[in-house]
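My notes follow in the order I worked.

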Amino acid sequence: MKEEKYFSRKVAVITGGSSGIGKSLAHRLARNGASVMILARDPEKLQAAVAEIRLSARRGDQAIECFSVDVTDAVRVRDVMAEIAARRQSIDVLVNSAGMSQSGYVTDLKLEDYHRLMDVNFFGTLHTIQAALPYMVRQRSGHIANIGSVLSLFATFGFSTYASSKYATAGLTEVLRAELKPRGIRVSLVIAGYADTPMYTQTRHLEPPETYAITRGSGIIHPDQVAEVAARKMAEGDYMIYANFEARILPFLSRLWPGLANRILDFMASRAKPAPPPEKE
Ligand SMILES: NC(=O)c1ccc[n+]([C@@H]2O[C@H](COP(=O)([O-])OP(=O)(O)OC[C@H]3O[C@@H](n4cnc5c(N)ncnc54)[C@H](OP(=O)(O)O)[C@@H]3O)[C@@H](O)[C@H]2O)c1
């Protein structure tokens with residue numbers, strides 16, 4: 001009920017809203033009576049998602065629309081945000097879910113890999129925030145939620161590109177929370193573990209064996225569960241939002257006993273079966 005009251009008749013912009021966690025959140029906010037604008041690159045996936053999300057809307061006057069945008073393109077992001085604000089009169093909620101994952105050994109990863117992950121996960125998030133903020137500041141209201149990961153708080157073997165981009169985004173989110181509070185704008189950081197989305201399916205099997213040895217016991221949650229907790233806790237005004245118990249406990253324990261956590265993780269990594277040698281040409 002609180003959730004519905006909080007989101008009803010709001011204008012929500014969701015990056016990555018055509019898939020996974022972003023799409024689940026788009027359904028959730030539509031069900032709560034919000035107008036939902038989803039942003040991603042692939043126009044076909046966007047159109048298909050809009051058709052689906054429309055079925056979740058409560059009222060006929062809710063706008064459910066999509067915009068083909070690459071979040072790494074700051075100018076396009078700014079133009080689309082201006083178009084949404086002009087057509088809908090406000091931007092009340094911004095969810096940054098667009099993102100990509102990657103794993104690999106530091107010794108194999110290239111400088112371009114770090115730039116690519118930072119461009120999408122960090123700068124993509126910064127671009128939408130910078131584009132939406134002038135409207136939120138003028139309104140003296142708004143809510144920005146960034147979809148983070150356990151790896152926003154706790155980095156493990158194999159995730160140097162992804163964790164760096166997620167740590168950077170967590171740092172930005174923390175500062176935003178403090179600076180935007182006096183301006184009436186709420187900020188949330190959503191911490192999720194593995195979620196059963198296309199990103200998970202496409203990247204999980206590429207993890208180095210040591211990473212897999214550490215993470216194989218991890219639970220996998222449904223993106224609807226992330227969306228359910230995120231929307232409920234956003235409506236309650238929470239800053240840190242943990243999608244499930246595992247997402248909360250792992251970073252907590254690693255901060256409480258960093259030495260012990262490292263010893264356990266190093267041991268788990270050392271038990272990994274080595275990757276097969278590369279095929280000879
Ligand atoms: N799945 C997990 O296990 C997990 C766990 C913790 C946190 N997360 C985080 O949750 C967020 C969503 O992940 P997901 O698992 O839901 O992934 P997903 O199903 O692959 O969805 C990613 C979405 O982002 C869009 N996107 C990707 N690159 C983009 C770009 N450059 N510009 C605009 N849109 C872009 C994709 O659409 P297009 O490709 O059409 O652009 C898609 O809509 C990410 O930030 C991820 O880091 C995921």
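**Entry 1: α5 and α6.** I started with helix α5 (residues 111-139) and helix α6 (residues 160-180) in this predicted model. Their axes lie 9 Å apart, and the packing angle is about 25°. The angle is under 35 degrees, so I logged α5 as roughly parallel to α6. The crossing of these two helices is right-handed.

I then listed who makes the contact. From α5 come Asp 113, Tyr 114, Leu 117, Met 118, Asn 121, Phe 122, Thr 125 and Leu 126. From α6 come Thr 161, Tyr 162, Ser 164, Ser 165, Lys 166, Ala 168, Thr 169 and Leu 172. By class, I noted eight nonpolar, six polar and two charged residues in the contact of α5 with α6.

**Entry 2: α2 and α9.** Next I took α2 and helix α9 (residues 223-235). Their axes come within 8 Å and cross at roughly 50°. I recorded a right-handed crossing for α2 and α9.

On the α2 side I found Gly 20, Ile 21, Ser 24, Leu 25, Arg 28 and Leu 29. They meet Pro 223, Asp 224, Val 226, Ala 227, Glu 228, Ala 230 and Ala 231 of α9. The contact of α2 with α9 divides into eight nonpolar, two polar and three charged residues.

**Entry 3: Gly 142.** I finished in strand β5, where Gly 142 sits. Is Gly 142 buried or exposed? I found 24 C-beta neighbours inside 10 Å. The cut-off for buried is 20 or more, so Gly 142 counts as buried.

Leaving out residues up to four places away in sequence, Gly 142 touches Ile 91, Asp 92, Met 136 and Ile 185. I also looked up Ile 84, which is 58 residues from Gly 142 along the chain. The C-alpha atoms of Gly 142 and Ile 84 are separated by 15 Å.

Key:
Residues numbered from 1 in each chain as written. Predicted model: local features only at pLDDT ≥ 70, side-chain atom pairs only at ≥ 80, totals over all residues. Axes fitted to C-alpha atoms, helices over the stretch in contact; angles between N-to-C directions. Helix = DSSP H or I, 4+ residues; strand = E, 2+ residues; numbered from the N terminus. Parallel < 35°, antiparallel > 145°, perpendicular 65-115°, else oblique. Left-handed = near helix turned anticlockwise from the far one by under 90°. Contact = placed C-beta atoms within 7 Å. Nonpolar A, V, L, I, M, F, W, Y, C, P; charged D, E, K, R; others polar. Buried ≥ 20, exposed ≤ 12 C-beta atoms within 10 Å, placed from the backbone.
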